[in-house]
Amino acid sequence: GEVCNMINKKYNEFLPSMQSAEDLVSQVDGLSSNIDLLKAGIENEVQRDLNVAVAEFTELKQQLERDTLVLSILKKLQEFDTAIKEYNTALLEKKYVAAAQQLEKARSSLNMLESRKGFELKILKALGTELTVQTQNMLYHLGEEWQKLAVWKLPPSKESSSLESAMHSELHLRTVPSKEEEIAGPPVASVLQAFAVLGELHTKLKIFGQLLLKYVLKPLILYPSLQPFTEEQSDVFILRFKSEEPNLDHFSPMEVFDKIKLIFEVLHKHLLNVPLEQPAEDEKECRLTLAELLGDMIWEELSDCLIQNCLVNSIPTNSSKLEQYIEVIKSTEEFEKALKNMQFLKGDTTDLLKYARNVNSHFANKKCQDVIVAARNLMTSEIHNTVKITPDSCVTLPRLPDPGAGDHLKMQKTSKLLPNDMVNLENETKLSQYTFSLPTCRISSSVEKLMELAYQTLLEATASTDQCCIQLFYSVRNIFQLFYDVVPTYHKENLQKLPQLAAIHHNNCMYIAHHLLTLGHQFRYRLTNILCDGAATFVDLVPGFRRLGMECFLAQMRVQKGEILERLSSARNFSNMDDEENYCAANKAIRQVLHQLKRLGKVWQDVLPVNIYCKAMGTLLNTALTEVVTRIAALEDISAEDADRLYSLCRTMVEEGPQVFTPLPEDDKNKKYQEEVPVYVQKWMTFKELMIILQANLQEVVDQWADGKGPLAAEFSAAEVKSLIRALFQNTERRAAALAKIK
């Protein structure tokens, strides 16, 4: 019971709250359907009205935009039209700048019109054409004016530039504006500014600049005799040229600078001192002028021409003149300053001035280049023009500075010539004669000159600035390295073909090597201060030169030896001399060899040093004798008649061989060397012994052998002697006995 009450009580409390919830729901439903009605109403009516309004608004907006556009286009068209009208008026009044500015206005109006996308007007094309026509018309008028302002009178000749054509060139500049133009300012200014406004000035000025370079500036640099002169008439200024004998054989940069300066002054005064824009009220300064524009166009070419044809030639070739070069640098500075004042040049230190200021380095380069060119010319000249040098020959050695003189050296006069054997190593010590002496011989005169060039250059080096000194020292080393490389290749064929040239070349190399031993030493006080650790030496080049001379001469010796053996190979091995034909062949071979040696003896005469001459001739004669001995000793059978004939062939060799020794041109002096032939010809005694055997009987042969102690034993081995006995003597008991004694 208790529980039921509980439930009822709750239920009763629940019902009314349920009721109120249902009421709420029905209220919401009603509201919702009201909203739906309202929404339908809005969608059907209000929305429609709104759409209409927006559409109307958009249409009006577009209308307005169209009208505005049309209006702005009409405005631009009107501006274009006004500009063209005003341009025409200004042009008639010759107010060129105003006219040009109006044209530019018309152009900008037209550009605006053309930039409207989606709005193509048929009229624009016509306007474009009109503008082009008017611009061309204006340029034509300006061109006419410009031609009156600056008139070129040029020679008809087609040739580029010559002194002749330069003398016939004139430039006329109009000076006074005619009366009716005075209002427009100076005609020059208005014409040129109008060109500038139209953007055509550059082209006009470029043409003018090119004519100026070709007919005025360059000829003045290239032809020292050409002088500009000017003449002023009432309304025109004339620039002409005449040719005068230059006062010097070369011309100084100063004179050239003055002439060029004059030209620029004239142009500046009468033509180019014109600002390019009409001045704005506030700014007075910093306006680009015509002079600057022209300067930009021609300066580079002008300055190159001045450097190449004027400054380069003025670089001194010896150090004593370097002092005077300060003037050139000064005048270069003044020249640039003048051009800057006239506004032809802007900025600082141009290439022209840098070049002039860098004179020390140019001097060294020029000097080194001159030295190498001179050296190369000497090396490629003929070898066979020779001079004789003797131990007391002089080479022009400069006097040495005192050890203390150091850097204060000035050029020293070359002292009295020193003989070769007295190379003056210190001022105080003289070496004994012949320590460094050269034997008497002939060398190419070009090599003697080359050596003088080396000495002169080193002397010059000692008087130069450090940098220049180093450069000159190395260019002297280069001379010798160049000789080493150039001469053997350049003269290769002749050195192989002509024995005399090979001998001269040999002497040349020895002569150079001889001087290189002491060359650096004479200048060492000055040079070692600058070059590290006494590198001022040439001694390292000596072995190379000696080798070069030796190799060339030995190669020639090999050629001559080859020819001797070649000739003797036609002697039929000296066998069967009783056969007339064989004997003739052998005799002819011997004669040819002697003839060859005689000819060599002549071409080397007075060329090679005597001791080398004798060694060389001795070696070649020895080659011939050795070959003959070898052939005869190898024969297996020699008849009595053979022996006689062989003997007479050998006698020819022994009698005429020494006569090929003629080292000196004076015959009586050669006797001594001919008597000394056995000293130079190793196999001489062998040959004499062979001749004795060819004439001897068996007993005499045995006596010559003398138990291996006789002269025969000194020249031949036992086997060779036995072989000769078998060939010469019949096989008898006496021969067997003789053979038994040879051991």
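**A walk through the model**

Start by selecting Asn-573, which sits in the loop between α17 (542-568) and α18 (580-603); helices here are DSSP runs of H or I, at least four residues, numbered from the N terminus. You're looking at a predicted model, where local features need pLDDT of at least 70, side-chain atom pairs count only at pLDDT 80 or more, and totals for chains, interfaces and linings use all residues. Residues are numbered from 1 along each chain as its sequence is written, and side-chain values use heavy atoms, with hydrogens and water left out.

Check the backbone: Asn-573 has a positive phi of about 60 degrees, though it is not a glycine. Most residues other than glycine have a negative phi. Now click Phe-574, in that loop between α17 and α18, where phi is also positive, near 60 degrees. Which of the pair is buried and which partly exposed? Phe-574 is buried, at 2% relative accessible area, while Asn-573 is partly exposed at 40% (buried is under 20%, exposed over 50%, partly exposed in between; 1.4 Å probe, protein chains only).

Next, select Arg-735 in helix α27 (residues 733-741). Arg-735 is buried yet has no salt bridge, and the nearest side chain of opposite charge, Asp-637, is 7.6 Å away. A salt bridge would need a side-chain nitrogen of Lys or Arg within 4 Å of a carboxyl oxygen of Asp or Glu; Lys and Arg count as positive, Asp and Glu as negative, with His and the chain ends not counted. What does the Arg-735 side chain reach at 3.1 Å? Show the backbone oxygen of Arg-726.

Conventions. Helix = DSSP H or I, 4+ residues; strand = E, 2+ residues; numbered from the N terminus. Polar contact = N/O pair within 3.5 Å; in protein donor to acceptor, adjacent residues only side chain to side chain.
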